[in-house]
Amino acid sequence: MSSELQLIHSEVLECTKCELHKSRTKAVPGEGSHDARIIFVGEGPGQNEDEQGRPFVGAAGKFLTELIESIGLKRSNVFITNIVKCRPPNNRAPRKSEVEACNPYLLSQIRLINPRIVCALGTPAITTLMGDEYSASRHHGKSLTKGEVTILPMYHPAAALYDASLKETIFHDFQLLKQMLENTETFNPSTPKSSEPSGSKQTLEKWA
Ligand code: SF4
């Protein structure tokens with residue numbers, strides 16, 4: 001992990017910027033490659049994540065891993081994080097003030113990793129990145145841009161645990177994700193981004 005990403009990681013572990021720090025067991029900064037082509041952004045840690053300090057390690061995380069592997073990648077090839085880094089009590093939705101307090105960490109992670117695509121998993125992540133008029137049901141699988149960042153909204157993997165009919169839709173959206181990667185580069189899922197010609201790198205000078 002780059003030193004700047006490591007610094008963010010350390011700050012999150014000590015953070016007391018919102019009320020969520022009071023009830024957390026462990027903060028969950030995120031994990032994965034600092035050179036990732038894709039960042040997955042979920043809503044927030046659940047019970048398993050709060051206990052382990054790692055993102056997407058419960059049932060939804062298992063499905064996310066399956067989805068990532070369905071397009072020829074491994075979890076270690078991508079970066080996985082959330083819009084809030086501490087678990088909301090009883091898995092309630094994060095409050096706007098909590099999302100706003102935590103957002104600088106997410107934006108810094110995106111700026112430093114500079115991925116090809118940010119996958120926003122579920123409506124809370126989608127609205128945080130794109131605005132309140134966006135949702136998973138209306139915008140999943142549609143490529144959007146914000147500043148110089150490409151954002152692909154998707155249903156949250158947990159949605160398929162409650163509604164099995166969404167599973168096929170989510171797998172289909174992951175195939176779109178694979179196609180988007182293929183369209184931006186000569187697709188070799190396991191090749192580190194740093195090994196590509198510098199001219200092919202998407203720059204991220206600013207957010208918004
Ligand atoms: S949710 Fe984010 S802002 Fe709130 S305490 Fe945790 S790391 Fe800090």
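Strand E1 (residues 31-32) pairs with E3 in the antiparallel sense, over two bridges; pairing here takes at least two DSSP bridges between the strands. Helices (H or I, at least four residues) and strands (E, at least two) are DSSP runs numbered from the N terminus. Strand E2 (residues 38-42) runs parallel to E3, joined by four bridges, and Phe40 sits opposite Ile80 in E3.

All of this comes from a predicted model, in which local features need pLDDT of at least 70, side-chain atom pairs count only at pLDDT 80 or more, and totals for chains, interfaces and linings use all residues. Residues are numbered from 1 along each chain as its sequence is written.

What about the two faces of E3? In a regular strand, side chains alternate between the two faces of the sheet. Strand E3 (residues 79-82) is covered on both: Phe79 and Thr81 are buried on one side, Ile80 and Asn82 on the other. Buried means 20 or more other C-beta atoms, placed from the backbone, within 10 Å of the residue's own; exposed means 12 or fewer, and partly exposed lies in between. Of the 208 residues in the protein, 41% are buried.

Turning to the ligand, 14 residues surround it, the closest being Cys15, Cys18, His21, Cys86 and Cys102; a residue qualifies if its C-beta atom, placed from the backbone, lies within 6 Å. Helix H4 (residues 96-113) supplies the largest share of this shell, three residues.

Overall, the protein has eight helices and six strands, in the order α-β-β-α-α-β-α-β-α-α-β-β-α-α along the sequence.
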